[in-house]
Amino acid sequence: MELQFRQVTKSFGDLSVIKQFDTLIETGEIVALVGPSGCGKSTLLHMVAGLQSASTGTLTADGKPVSKPSPERTLVFQEHALYPWMTLIENVALALEFQDQPKQTAQEEARKWLARVKLSGFEEYYPHQVSGGMRQRCALARAFIARPQVLLLDEPFGALDALTRMTLQSVLKDLIEAERPTVVLVTHDVDEALYLADRVLVFSNRPATVLKEITLGHIPKTHDLSAFADIRRDVLNLLGIDTETTSPSVEKGETV
Amino acid sequence: MSTNQSTGVASKRAYLVAIAVILFFWQVAAWFLPDFLMPDVPAAFVRLWEEFNSPTFWEGLGNSMTRLGAGYGSAILLGTVVGLVGGTLDAVRSTLKAAIIILQSIPSIAWVPLFLILMGFGNLPIIVVVAIGAFFPTALSVMNATESVEKVHISAARVMGASRLQMLKRVYFPAVTPELITGAQLAFGNAWRALISAEMIVGFSAGLGKSLAYSGEIADMTGVMTNILVIAVLAAVIDQVILERIKHRLLRYQYL
């Protein structure tokens, strides 16, 4: 599914959040939106999901304006989005039950998807009984089970420790490669963006404008991102991280 | 699980001690007062045993429980529906809440004369008064809980394509169940008070309240104390055994 943003702006009252955002995301493309927190990248993602609408400008999916949520454009949240009163398998099956699939079929499918994210044996556990990493695996299964054409990820691994995060990134990468949805990923983590995305959009502070667009292309990547050191440095600099001097940035008069 | 069990045992022990203390004070009062004013504890238990063997007692108990079941049951059902629907409709929410708070402050027994004349002498006015007593705390708890359902739980259901009805059944209802149960336990106290007092006033056919009022009229203090004993024990059993058991069953996921 192709996503086209045309002159999209968003403001809440006087607060301008997004300013004239234009981009075309092609079918099957993996785009990462990187930027300082609170800059409005999540708002863009929620627009694609149909949870929020643009103040001006248009957003179309395969040429049709996006006006409301649809299971073909699904969103994975940072955390706590699993239902605590349901077991993992019930949580995953729910995505199909909401599309009026029979309970039996939904459960069988959910079992398969939990196996694909290596959660076999944990079907009957409740979310609070498993680790944060396992919860996000389950959240990925719940997103992929509906075979979305667009997968939206809002800081999906932001709450996880560094090692778990890298494992989950690999799980996600495998799933994306197998299912080939169009992916829009919002993240703070530059390495995550470089590892997963075909194209990275670096955003400024609010109101969000694109500072730089980096096309990596769909090339095989590993967690060893040393080949991307130049790009990584470039992105970090754009985000205001000093990669030149060894002294702490606080000494340069930055307010803490 | 083990901590819950141990607190369960501790509270059971606390109940036994409390019952012994209450019976002790009653017995002390009986030692100081003449028998026709305050009967001995054993005398009341002997009378209770006689009551157990009399069909009139069981008929009264049956009538009272039927009225309680009909009034309390319909109030919980209606309160849940009104609370859920009211809590999700922004247009009516604050008005409905204000109306409930106003009506809730009227003691349910105050409705008796009105309904007695409107509905005639019979079971119906008692059932309605019981229902009124139980409805408001239930509806209010459910409505407050509905307002504070986590946004991410609602958004997640929307992106999975849930219909409005599915949303109410699968997201809102389970999310508010803990507060519904707290509300229902509060409502039970109201319903029980409304039942006994309405039966004492209306005096239509046999019932616990009528039996208590009648014992008072003929100055049969053993009868009065026996009836109070039955009312107290029943309330404790319904609240602490039946409602608690339902709570543990419905909120199973929280106790794992």
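Chain A is divided into domain 1 (1–71 + 151–157 + 182–256) and domain 2 (73–147), with bounds that come from an automatic or database domain assignment. The structure is a predicted model, in which local features need pLDDT of at least 70 and side-chain atom pairs count only at pLDDT 80 or more, while totals for chains, interfaces and linings use all residues. Residues are numbered from 1 along each chain as its sequence is written, and chains are lettered from A and ligands numbered from 1 in the order in which they are written.

The centres of domain 1 and domain 2 of chain A, taken over C-alpha atoms, are separated by 27 Å. Across the boundary, 14 residues of domain 1 of chain A are in contact with ten residues of domain 2 of chain A, where contact requires that the C-beta atoms of two residues, placed from the backbone, lie within 7 Å. On the domain 1 side, helix H1 (41–49) and strand E7 (150–154) of chain A each supply at least two of the touching residues; helices (H or I, at least four residues) and strands (E, at least two) are DSSP runs, numbered from the N terminus. The largest share of this side, four residues, comes from E7(A). By residue class, the domain 1 side divides into ten nonpolar, two polar and two charged residues, with Ala, Val, Leu, Ile, Met, Phe, Trp, Tyr, Cys and Pro counted as nonpolar, Asp, Glu, Lys and Arg as charged, and the others, Gly among them, as polar.

Strand E3 (residues 30–34) of chain A is largely enclosed by the rest of the structure, because five of its five residues are buried. A residue is termed buried if 20 or more other C-beta atoms lie within 10 Å of its own, exposed if 12 or fewer do, and partly exposed in between, with C-beta atoms placed from the backbone. Both faces of E3(A) are covered, with A:Ile30, A:Ala32 and A:Val34 buried on one side and A:Val31 and A:Leu33 buried on the other. E3(A) runs parallel to strand E8 (residues 182–187) of chain A, to which five bridges join it, and A:Ala32 stands opposite A:Leu185 in E8(A). E3(A) also pairs in the parallel sense with strand E9 (residues 199–203) of chain A over four bridges, pairing being assigned if DSSP finds at least two bridges between two strands. In this second pairing, A:Leu33 stands opposite A:Leu201 in E9(A).

Positive phi values in residues other than glycine include those of A:Gln20, near 40°, and A:Asp62, near 50°. A:Gln20 is found in strand E2 (residues 15–25) of chain A, whereas A:Asp62 lies in the loop between strand E4 (56–61) and strand E5 (64–65) of chain A. A:Gln20 counts as partly exposed because it has 15 C-beta neighbours inside 10 Å, and A:Asp62 counts as partly exposed with 14 such neighbours.

Between the chains, 15 residues of chain B are in contact with 20 residues of chain A. Helix H7 (151–159) and helix H8 (164–202) of chain B each supply at least two residues of the chain B side, and the largest share, six residues, comes from H7(B). The residues of this side divide into eight nonpolar, four polar and three charged.
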